Amino acid sequence: MHQHQERSVVRPTHQDEVAAAGSELIGGRSGRWTRLASTALTPVGVVALVALGMFALGMVQKLPCYNWAWFRGAGSQYTHACYSDIPHLFVARGFSDGLVPYFDRLVGDMQYLEYPVLTGLFMQVASWLTPGGSIQHREQMYWMVNAGMLMICAVIIAVCVARTHRRRPWDALLVALAPAFVLTATINWDLLAIALTAAAMLMWSRGRVLAFGILIGLATAAKLYPVFLLGPVFVLCWRAGKWREFGTATLGAVVSWLVVNLPVMTLAPEGWKKFYTFSEERGIDFGSFWLIITQRTGESIETSTVNHISELLMALLCAGIAALTLMAPRRPRFAQLAFLVVAAFILINKVYSPQYVLWLIPLAALARPRWRDFLIWQACEVMYFLGIWMYLAYTTSGDKHQGLPTEGYQLAIALHLLGTLYLCAVVVRDVLMPERDVVRRDGSDDPSGGVLDGAPDAFVLGRAAHPSCHAHPAVEGPRVEWGAGREPVAD
């Protein structure tokens with residue numbers, strides 16, 4: 001039985017030309033390392049080890065900052081591209097003075113901690129684990145403690161992605177090896193929410209609807225974006241007639257979010273609502289197309305105007321995703337819609353911090369597990385990562401003008417936007433032409449769909465009501481095992 005399951009695992013080196021070429025580094029499609037891994041480690045184990053190793057490399061990339069650049073003016077941490085919020089906020093948000101987040105008022109412009117409650121708890125636990133010493137030593141140790149906790153989150157993310165599609169564990173190497181993941185993992189605390197979201201998607205894929213809802217609620221208590229995943233669940237359950245499952249998931253999300261938030265909401269209401277008021281009052285900031293508009297025109301845009309237009313655009317994009325779901329020839333996969341809705345939020349938002357790319361990486365690996373498309377997008381994100389630090393180096397270098405000028409930074413923003421739009425376009429194409437979807441090539445319906453996987457449609461619109469050639473599952477040809485003849489590389 002176990003051997004049969006192993007045989008059914010999809011090996012990207014037999015389906016993906018980029019993966020096949022990359023495998024030459026480890027001895028080819030069936031080289032000695034892969035044979036060793038097949039006897040000593042499961043695919044999930046390999047993915048976890050790779051994720052650990054790559055996370056450690058990301059920590060090494062931050063060494064110049066850890067050793068000195070965080071503590072000697074602003075410019076050096078930008079020119080070395082190793083900036084992190086973590087050591088700076090240790091002092092700026094009162095953790096170094098023993099202040100309690102949300103309850104104790106801060107000095108300066110930011111009166112309270114501007115992060116959701118679960119992230120605030122994560123930051124607080126890390127400060128409790130930080131040893132004493134000079135303030136610089138404590139900042140270093142605070143970053144190190146957080147990095148250790150975030151490393152656990154990174155492994156959870158990689159393992160959950162590996163287990164979500166039962167037959168495609170190797171797709172999680174897209175997450176573990178993603179260059180932008182390595183570079184941005186320890187800039188901020190986003191990995192906590194992403195780990196909870198990845199665990200939620202794993203639960204959904206296993207048909208554990210209530211567990212999915214609870215984890216989405218907890219993820220939303222750590223970062224706002226995970227709540228958007230309830231949108232795809234709603235429209236997919238609509239198409240499949242699974243209203244009870246949607247209700248259970250939503251109830252779980254609401255209750256778990258309230259359990260975490262209510263104590264702080266009632267005992268420290270001013271501190272609790274700071275995240276929400278800060279998000280609303282925050283002006284146009286780095287990485288957004290709004291910034292390109294204001295810089296090119298020289299005209300400022302009222303924050304309230306930006307908020308209203310962004311909300312309208314998000315509503316329109318969500319309506320478009322819903323229409324796509326109900327009109328597609330086959331019901332789209334959950335991961336595809338999850339990627340599209342989070343990407344829509346990122347594209348229209350008034351700020352794009354460089355670590356926000358982490359939100360999309362696990363979703364992209366599940367939505368479009370093709371190395372070529374993934375690496376095109378990652379190249380754009382790495383260029384943006386370098387672009388923002390070089391631009392900040394330019395703006396903080398005074399008359400020296402060292403770094404990337406405004407026009408160069410606008411190009412970096414455009415690259416990020418175009419890369420994300422490209423991946424969105426490929427995912428939409430897969431939805432409209434399911435035979436192009438590599439996940440469905442073996443006849444699968446929706447391996448991450450849980451209760452939706454293989455369920456008949458209950459409500460459809462337009463062309464979906466009249467099945468076309470695209471509506472039929474595309475089944476792959478004969479499967480080739482390790483050491484067998486070369487299989488033609490699929491598109």
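Between which helices is the loop in which Arg330 is found?

Reply: Two cautions come before the answer. This is a predicted model, in which local features need pLDDT of at least 70 and side-chain atom pairs count only at pLDDT 80 or more, while totals for chains, interfaces and linings use all residues. Residues are numbered from 1 along each chain as its sequence is written, and side-chain values use heavy atoms, with hydrogens and water left out.

Arg330 is found in the loop between α19 (303-327) and α20 (334-348); helices are DSSP runs of H or I with at least four residues, strands are runs of E with at least two, and both are numbered from the N terminus. With a relative accessible area of 9%, Arg330 counts as buried, a term that means under 20% relative accessible area, against over 50% for exposed and in between for partly exposed, with a 1.4 Å probe and protein chains only. The side chain of Arg330 is joined to that of Asp445 by a polar contact of 3.3 Å. Such a contact is a pair of N or O atoms within 3.5 Å; within protein, one must be able to donate a hydrogen and the other to accept it, and residues adjacent in sequence count only if both atoms are side-chain atoms.

On one side of this loop is α19, which has 25 residues and reaches 36 Å from its first C-alpha to its last, close to the 36 Å expected at 1.5 Å a residue; the expected span is 1.5 Å times one less than the number of residues. Buried in α19 are Val306, Asn307, Ser310, Met314, Ile321, Leu324, Thr325 and Leu326. These buried residues pack against α14, α17, α18 (289-297), α20 and α23, where contact means heavy atoms within 4.5 Å.

Asn261 is itself buried, as are Phe246, Ala249 and Val264, among others in α15. The partners of the buried residues of α15 include α14 (230-240) and α17 (274-281).

Ser397 is found in the loop between α22 (371-396) and α23 (406-432) and is buried, with a relative accessible area of 15%. A polar atom of its side chain lies 3.0 Å from the backbone nitrogen of Gln402, and the C-alpha atoms of Ser397 and Gly75, 322 residues apart along the chain, are separated by 6.6 Å. Ser84, in the loop between α6 (75-79) and α7 (85-92), is buried at 0% relative accessibility. The side chain of Ser84 reaches the backbone nitrogen of Ile86 at 3.1 Å, and a polar atom of that side chain lies 3.4 Å from the backbone oxygen of Ile187.

As for the whole protein chain, its secondary structure comes to 23 helices and 0 strands, and 54% of its 491 residues count as buried. Among contacts with a separation of 6 or more, 75% are between residues 24 or more positions apart.
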